[in-house]
Protein chains: 2
Amino acid sequence: MGMVTSTLHRRLTRSAAALDSPQTQLTEFHRWFNDRVDADKSRIDIIEFDRLNGWHFHPDTGNLTHESGRFFTVEGLSTDMPGAPVEHWEQPILHQPEIGILGILVKDFAGIPHFLMQAKMEPGNHGPLQISPTVQATRSNYTRVHRGKPVPYLEYFQHPDRHHILADTRQSEQGTWFLRKRNRNMLIEVSPDTDIPLLDGYRWLTLGQIRHLLTHDNLINMDSRSVLALLPHPPANHHGTPYLDEADHEALHTHGGDHKRKADARSRQDSVHPDPDIHSWITTQRTERTVTTQRIPLKNLPHWHQTPHRITHETGRYFNVMAVDVTTHNREIARWTQPMIEPHGPGVAAFLLAHHEGTPHVLVQARAEPGYTDTVELAPTIQYTPRNYAHLPAHHQPPHLDHLTPGSPHRTLYDTLLSEEGGRFYHADNRYLIIETALNPDHETPDHRWISLPQLQQLAHHSHYLNIETRTLLTCLHTLHQPAGG
Amino acid sequence: MGMVTSTLHRRLTRSAAALDSPQTQLTEFHRWFNDRVDADKSRIDIIEFDRLNGWHFHPDTGNLTHESGRFFTVEGLSTDMPGAPVEHWEQPILHQPEIGILGILVKDFAGIPHFLMQAKMEPGNHGPLQISPTVQATRSNYTRVHRGKPVPYLEYFQHPDRHHILADTRQSEQGTWFLRKRNRNMLIEVSPDTDIPLLDGYRWLTLGQIRHLLTHDNLINMDSRSVLALLPHPPANHHGTPYLDEADHEALHTHGGDHKRKADARSRQDSVHPDPDIHSWITTQRTERTVTTQRIPLKNLPHWHQTPHRITHETGRYFNVMAVDVTTHNREIARWTQPMIEPHGPGVAAFLLAHHEGTPHVLVQARAEPGYTDTVELAPTIQYTPRNYAHLPAHHQPPHLDHLTPGSPHRTLYDTLLSEEGGRFYHADNRYLIIETALNPDHETPDHRWISLPQLQQLAHHSHYLNIETRTLLTCLHTLHQPAGG
């Protein structure tokens, strides 16, 4: 079940073509955003654990918990993953069973859909301001456990059936740092005559502007990328170029929905693997791989050491648990302390992109992470942190690394540094890449498959298929569309 | 992502039209099946627990387990389900974390797809022979923990990618009796020139023959119904009749796939609720309902009493745990004992069916059961065991029961008694009904939605959406198609 209607598609194509709009001029946006960065008085200080306020290590388990019992806990996890480069390990993990809301409000201005985005401070971000969704709220946030200010615009996402629902699905987050974490990803459109007050710190952006901003390092935050992955892409054409020129695309659609439906059906038929084969491959992966996890006390982790201000692995690899003291002025509360995960990054996440009869395909990887709800999700072709693999032998290095070698004959279409969740992860950056190559069946391994963009987008509307890194790259693929006349 | 191609559709339409075939004449099938029933020497004796062989109550927990540690265990489960008619309870439950295979082999004879079905004895069945899939094997079965005969035809399902995959997805089973049980449901087609030996106890049946047999009480077993739910239905026409006449349908398809694709797109546009609204409703249900379960020792269940031959609830409601001694001649092993669940049925599972602009819709219910993997699945309009509700006040009776009242103005299109899994459940029968009514938006409650048949079929290709009772009814909907000239 897809969400695409030809009318929506036509409108999004117009939004993608609009690099400026009466709501927000792109140059004015940059000035506004830079002014906010300059004016930002936030302070993020790394502190010792015993200066955490409201958080403590539980005397029995050593788990790091909040006195309210809400937000999240830092616990231990023991994982058995037969066949993986490391088959058994223990680690700290964030446990946050609540399902929060990540929502973007959409509204037409003069027939052009705009997205209500926020310049938001998060302690883990480089910046520390980034562009976030209209609403980004844990359940603790919006039930106001911390007794802060109410969450603006929340009401549109609490009663989605009163508006036009473009997408609404639970999606996973990092399975190496979060235990079965899901957030509700929502795209909700209000009618053009709805009066939406524009609060300080928010701007209406077109899809064209968002695409442009996606090519900037550390600007569009993870939650925005996750929600935007639910937007449809224009269908591919059949002349071997990655995407239609937007003007052609617009022309195609002014003749009605039939072209769109035919193009959709055609795209799916042009997939390297038919839909049932993709489903069967995922079913095989989820049936035959056994991933067993057990929550254990944080104080019982062999190989992890606790100092007054860090919990670290004895090798210095993977990540640390640490704590920050945050002072700010543009969040629901003005000062707080919290634990965070500090990875030893940066990581790399890359899609190989190729065309089969004019239809774009990416090489996805079936990847098991201990925190996933359903064993395996579809990850980018390459997803790894080089520092964590440096000590492993060649046959345990991820496949396809040769495509990242400088001077390789492949064409790099996208190469941008982006931050992961700044509310939980401290300076967690990944370098996201899209690399164009020829479609080579030999690139497939038991864990890699060429999957078409229409197939990937269908799966995005269901939970537990596309991991957060794949969803980021699905959003970044938008930047490869050529704007009209551009 | 759907599995339907127009070629497959055309072939299935031919198979549905074939009530006889050179492979199997329907009258000969009935004679063959009745002869097997008459010749069946199976004995199923209800025994005391202490006569179980290889099974014992664990001294610490009281859980009923097999000495191999395989097959399944009978454990205790504690459930909290705020808002349900009963908000907290404890119960015995079957725990079987392995994922077994339910597979039907498909092969064209003279251009007509046939399905390889088996007359199989299961101790819980009324009969006790019923028509089962080609392969119906727990992982313990096919890894031969019980050291019995090998499972016939298993090889086609262990390497599905060597054949034509029609469907392959994990599906849930009864969430009130099983803890997170899933089986792999597979439809695998071999090429017409593959030589498949026809073993004793198996027959190749057309879709038309299967449809006919689905109208017989207790004949097509649960696993067959579950797998067959993955088959496409012909698209609806636009003249208000439930389904196309098969001959018209055939004629439509001989002109190529474009008609099919247009009809598909048209059907989905004619759904009462657009796809994103259905997704959002499911997401809301899964986000806002909290179902908390905890495995507990079987011997710690308040309100459940153990006698030498039964574990029963003090009210006499719900179900018993009991044990059987089975002697047979047509299974992998000739004699065994095992525990079973014996419900206090029969139950009722009913779809309200209505048309919206020519497209069939059914009223599905978002239903939480403690054993579901993902909180809520889509159940029939009505799914209940009358005896278990007799003591509850009127406002806790299931909605829509008035449609079942004799003499109501609605048209009963299907009314057949069918057995649930005879390998685990003793005489567990449900009366399955399809009742035609006018499409009334007022029939929707917060937990009920009208969903179109094409939408339901799309969801069938993903795990954890359609519960086992809905999948049975989706298969029974096949019987409403009119055979050519019939």
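Me: Which residues lie nearest the centre of the second largest cavity, and how many residues line it?
Reply: The lining has 20 residues. Nearest the centre are A:Arg286, A:Asp374, A:Tyr465, B:His462 and B:Ser463. The model is predicted: local features need pLDDT of at least 70, side-chain atom pairs count only at pLDDT 80 or more, and totals for chains, interfaces and linings use all residues. Residues are numbered from 1 along each chain as its sequence is written, chains are lettered from A and ligands numbered from 1 in written order, and side-chain values use heavy atoms, without hydrogens and water.

Me: What makes a space a cavity?
Reply: On a 1 Å grid over the protein atoms alone, a cavity is a set of points where a 1.4 Å probe fits but cannot get out; lining residues have an atom within 4 Å of a point.

Me: Which helix gives the most to the lining of the second largest cavity?
Reply: H9(A), with four residues. Helix H9 (275-288) of chain A and strand E10 (164-172) of chain B each supply at least two. Helices (H or I, at least four residues) and strands (E, at least two) are DSSP runs, numbered from the N terminus.

Me: Why is the pair B:Phe49 and B:Phe57 called edge-to-face?
Reply: Rings of Phe, Tyr and Trp (its six-membered ring) pair if their centres lie within 6.5 Å; planes under 30 degrees apart count as stacked, over 60 as edge-to-face and the rest as tilted. Here the centres are 5.3 Å apart and the planes make 85°, so the pair is edge-to-face.

Me: Why is B:Phe49 called buried?
Reply: Buried means under 20% relative accessible area, exposed over 50%, partly exposed in between (1.4 Å probe, protein chains only). B:Phe49 has 6%, so it is buried. B:Phe57 has 25%, so it is partly exposed.

Me: How do you know that A:Lys181 sits over the ring of A:Phe178?
Reply: The rule asks for NZ of Lys or CZ of Arg within 6 Å of the ring centre and within 35 degrees of the ring normal. A:Lys181 lies over the face of A:Phe178 at 5.5 Å from the ring centre. In chain B, B:Lys181 sits over B:Phe178, 5.5 Å from its centre.

Me: What is A:Tyr318 in contact with beyond four places in sequence?
Reply: Its partners include A:Trp304, A:His313 and A:Pro343, contact meaning heavy atoms within 4.5 Å.

Methods:
1 Å grid on protein atoms, 1.4 Å probe; cavity = no way out; pocket = protein on both sides within 12 Å on 5 of 7 lines; lining within 4 Å.
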